[in-house]
Amino acid sequence: MLYYSTNKLSPPVNFRDAAVTGIAPDKGLYFPENIPVLPHDFFKQLKSKTKAQIAFEVISPYVGNTIAKEDLFAICAETVNFDFPLKKITESIYSLELFHGPTMAFKDVGARFMSRCLSYFSKGSDKKITVLVATSGDTGSAVANGFLDVKGVDVVILYPSCKVSKIQELQLTTLGKNISALEVQGTFDDCQSMVKQAFSDEALNQQLSLTSANSINVARWLPQQFYYFYALQQWPHQLTPVVSVPSGNFGNICAGLLAYFSGAPIKHFIAACNSNDVFSNYIVNKTFIPKTAEATISNAMDVGNPSNFIRLLELFAHNHKHVKEMISNCCVSDSLTAETILEVYKKHNYLLEPHGAVAYKGLQSYLELHPNQKGIILETAHPVKFDDVVQKIIKNKIEIPASVEYLFKLEKKSSVIKPEFKELKDFLLAKN
Ligand SMILES: *Cc1c(COP(=O)(O)O)cnc(C)c1O
């Protein structure tokens with residue numbers, strides 16, 4: 001399988017090169033030259049397959065011969081070695097819980113898969129790979145955790161001081177080993193622009209082999225397809241489900257669409273957005289206009305210029321009519337998100353967090369217009385990750401699971417730096 005750049009100015013590359021470089025030299029995103037169709041038997045036998053088997057069969061054609069089959073199977077098995085339960089909330093709405101991984105957010109799957117691929121690709125090379133990542137919270141902890149103890153790879157995380165939640169900060173700063181945390185006295189945008197500058201700094205790139213770990217990277221994007229097959233594996237109805245995906249950078253929903261084009265029986269998608277919704281304008285006016293992101297309570301979706309939007313257009317060969325037939329838009333305000341959390345908690349005794357609540361509201365509204373359908377929301381994080389917001393809404397305490405309680409006993413280790421590129425550069429050069 002080869003990947004072309006969405007800007008069409010760089011040559012196509014295989015999975016290995018796409019994963020190691022992240023972004024194409026012409027700054028386009030890598031996109032598979034064709035979408036593999038899964039055999040009919042795959043779906044007939046879906047219910048009896050293990051999670052590792054499903055992952056392996058789905059990802060194999062994308063990886064091609066760049067990873068030996070036995071090694072790829074082992075990578076898949078390690079990536080998905082936790083649960084993905086589908087829970088019933090109402091007669092027509094189910095929740096696929098994607099927060100049972102080590103950092104309690106769905107980004108664990110992509111980060112775990114990517115880290116193992118990079119480790120595999122760095123074998124035999126004496127040059128270490130340095131993964132640079134700017135985070136507003138969830139990405140950094142999933143990446144840090146995914147790369148912990150991975151040989152041949154160092155991770156440097158930049159996060160904005162005082163702007164991530166307590167649990168998120170502990171997840172970033174207590175790992176040590178090959179993970180360094182830089183606490184930047186600035187905003188997330190400062191972190192991101194410092195990282196961008198690092199990738200274009202010649203002196204730095206001569207000394208270090210730098211790569212990025214955001215969802216632009218195919219090794220993080222493609223494994224997100226697995227969720228959709230795990231949902232279908234547990235789906236108890238004959239009726240084909242509608243799937244509602246809480247969307248920010250549109251990586252997750254584009255992975256779902258890959259699964260759909262591979263043959264996964266999904267009736268329709270809902271791109272559930274908070275007030276940073278740029279998709280609705282595309283659906284209504286056929287034009288994509290990026291916005292400046294504003295802060296909401298579902299902050300992992302505060303994205304005004306979704307980087308994977310171009311992949312969505314590629315998936316439908318830029319055919320607006322087809323996009324519109326397959327995906328519905330919705331825009332859920334903070335007050336509606338809060339109302340939804342409270343309503344679902346009181347009526348159905350199920351605790352959503354803000355991102356899942358946006359997806360729930362999107363699906364609920366869709367089902368009001370399509371009463372004969374049933375659907376699935378992707379619940380992308382554990383409520384405890386957003387406990388300050390959620391506790392205020394439900395006026396009740398959330399119990400801290402044992403899997404994060406231990407964090408509070410660990411020591412935070414970070415280097416505080418000013419939001420200046422020179423400070424990052426000096427840190428990276430001194431580390432080497
Ligand atoms: C990253 C994230 C999202 C958005 O996913 P995209 O792939 O960027 O659309 C939704 N929910 C949570 C909890 C996240 O961390």
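Colleague: Let's start with the surface. How much accessible area does the protein chain have, and what share belongs to carbon and sulfur atoms?

Modeller: This is a predicted model, and its protein chain has an accessible surface of about 18,000 Å². Carbon and sulfur atoms account for 51% of that. As for what is hidden, 58% of the 432 residues count as buried.

Colleague: And the overall fold, how do I read that?

Modeller: Begin with the inventory: 20 helices and 13 strands. The radius of gyration is 21 Å, close to the 22 Å from the globule rule for 432 residues, so the chain is as compact as a globular protein of that length. Along the principal axes, the C-alpha atoms fill a box of roughly 60 × 50 × 45 Å.

Colleague: What share of the contacts with a separation of 6 or more comes from residues 24 or more positions apart?

Modeller: That share is 74%.

Colleague: Which strand is joined to E5, and how do the two run?

Modeller: Strand E6, residues 153-160, is joined to E5 by six bridges, and the two run parallel. For a landmark, find Thr130, which stands opposite Asp154 in E6.

Colleague: What about loops? Is Leu98 buried or exposed?

Modeller: Buried means under 20% relative accessible area. Leu98 has 2% relative accessibility, so it counts as buried. It sits in the loop between strand E4 (93-97) and helix H5 (107-122). Leaving aside residues up to four places away in sequence, Leu98 touches Phe84, Ala105, Phe106, Tyr227, Leu378, Glu379 and Thr380.

Colleague: Now backbone angles. What should I expect of phi?

Modeller: Most residues other than glycine have a negative phi. Here, Phe250 has a positive phi of about 65° although it is not a glycine. Asn349, also not a glycine, has a positive phi of about 55°.

Colleague: Where do Phe250 and Asn349 lie?

Modeller: Phe250 is in the loop between strand E9 (242-246) and helix H12 (251-261). With 3% relative accessibility, Phe250 counts as buried. Asn349 is in the loop between helices H16 (334-348) and H17 (354-369). Its relative accessibility is 66%, so Asn349 counts as exposed.

Technical notes:
Residues are numbered from 1 along each chain as its sequence is written. This is a predicted model: local features need pLDDT of at least 70, side-chain atom pairs count only at pLDDT 80 or more; totals for chains, interfaces and linings use all residues. Side-chain values use heavy atoms; hydrogens and water are left out. Helices (H or I, at least four residues) and strands (E, at least two) are DSSP runs, numbered from the N terminus. The radius of gyration is taken over C-alpha atoms; the globule rule is 2.2 Å times the number of residues to the power 0.38. Buried means under 20% relative accessible area, exposed over 50%, partly exposed in between (1.4 Å probe, protein chains only). Contact means heavy atoms within 4.5 Å. Accessible areas come from the Shrake-Rupley method with a 1.4 Å probe; for residues, only the protein chains shown count as cover. Two strands pair if DSSP finds at least two bridges between them.
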